[in-house]
Amino acid sequence: SLGPDHPDLVQPLETLANTLRRLDGYDKAKPIYERVIAMKEKSLGPDHPDLVTWLESLADVLLREGNNDGAKPIYERIIAMKVKSLGPDHPDLVTWLEHLAEILLSEGKFYQAKPFYERVIAM
């Protein structure tokens, strides 16, 4: 029998979480994404680029639940990971910068969102 953190469980757990998310089961998907992230961090390290997919899924669930405060640090972490692996001006950063700016805009933090949009435009 496989233990609860066995690497072979990552794929089925991810599939289950993605299915729940598509069925609006955000409250059920969230702990599964958190579990997968913890498993992958343990095996790959906390800054491995492969974590971005799961982090983004978790951030999406948090946003859909209305939890901007939970999603914001995840997007900041993704941006830091992408900058480290791709460089500060890579076009792949645009999506993550826009997500973070949109969260700030939705909170009425226009001046905080502005530099992110300016950075996107400059890319």
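Mentor: One cut-off before we start: a residue is called buried under 20% relative accessible area, exposed over 50%, and partly exposed in between. Also keep in mind that this is a predicted model.

Trainee: Okay, let me try that on Asp-60. Why is Asp-60 called buried?

Mentor: Its relative accessible area is 16%. Buried means under 20%, so Asp-60, at 16%, is buried. You'll find Asp-60 in helix α3.

Trainee: What does Asp-60 touch, leaving out residues up to four places away in sequence?

Mentor: Arg-21 and Tyr-75. And if you want a distance along the chain, Asp-50 is 10 residues from Asp-60, with 17 Å between their C-alpha atoms.

Trainee: Now Asp-24. Why is Asp-24 called exposed?

Mentor: Asp-24 has 54% relative accessibility. The cut-off for exposed is over 50%, so Asp-24 counts as exposed. Asp-24 sits in the loop between α1 (10-22) and α2 (26-44).

Trainee: What makes the phi of Asp-24 worth a remark?

Mentor: It's near 65°, a positive value in a residue other than glycine. Gly-108, which follows α5, also has a positive phi, near 75°.

Trainee: And Asp-5? Why does Asp-5 count as partly exposed?

Mentor: The value for Asp-5 is 46%. Exposed needs over 50% and buried needs under 20%, so 46% leaves Asp-5 in between, as partly exposed. Asp-5 lies in the segment before α1. Beyond its sequence neighbours up to four places away, Asp-5 touches Arg-35 and Met-39. Lys-40 is 35 residues from Asp-5 in sequence, yet the C-alpha atoms are 9.5 Å apart in space.

Trainee: Let's go inside. Which residues touch the most other members of the largest nonpolar core?

Mentor: Leu-55, Ile-74, Tyr-75 and Ile-78, out of 32 residues in that core. Two or more residues come from each of α1, α2, α3 (51-64), α4 (68-86) and α5 (93-106). The biggest share is from α3, with 8 residues.

Trainee: How do you know how the reach of α5 compares with what's expected?

Mentor: Take its 14 residues. The expected span is 1.5 Å times one less than the number of residues, which comes to 20 Å for α5. The reach from first C-alpha to last is 20 Å, so α5 is close to the expected value.

Trainee: Which residues of α5 are buried, and what covers them?

Mentor: Leu-93, Val-94, Trp-96, Leu-97, Leu-100, Ala-101, Ile-103 and Leu-104 are buried. Their cover includes α3, α4 and α6 (110-122).

Trainee: What makes up the secondary structure of the protein as a whole?

Mentor: There are 6 helices and 0 strands, running α-α-α-α-α-α from the N terminus. The C-alpha trace spans about 55 × 30 × 20 Å along its principal axes. Of the 123 residues, 39% count as buried.

Trainee: Last one: how far apart are the mean positions of the positive and negative charges?

Mentor: They're 2 Å apart, for 15 positive and 20 negative charges.

Terms used: Residues numbered from 1 in each chain as written. Predicted model: local features only at pLDDT ≥ 70, side-chain atom pairs only at ≥ 80, totals over all residues. Heavy atoms only, no water. Helix = DSSP H or I, 4+ residues; strand = E, 2+ residues; numbered from the N terminus. Buried < 20%, exposed > 50% of the residue type's maximum accessible area, 1.4 Å probe, protein only. Core = buried A, V, L, I, M, F, W, Y, C linked by side-chain atoms within 4.5 Å. Contact = heavy atoms within 4.5 Å. Lys, Arg positive; Asp, Glu negative; His and termini not counted. Charge placed at Lys NZ, Arg CZ, Asp CG, Glu CD.
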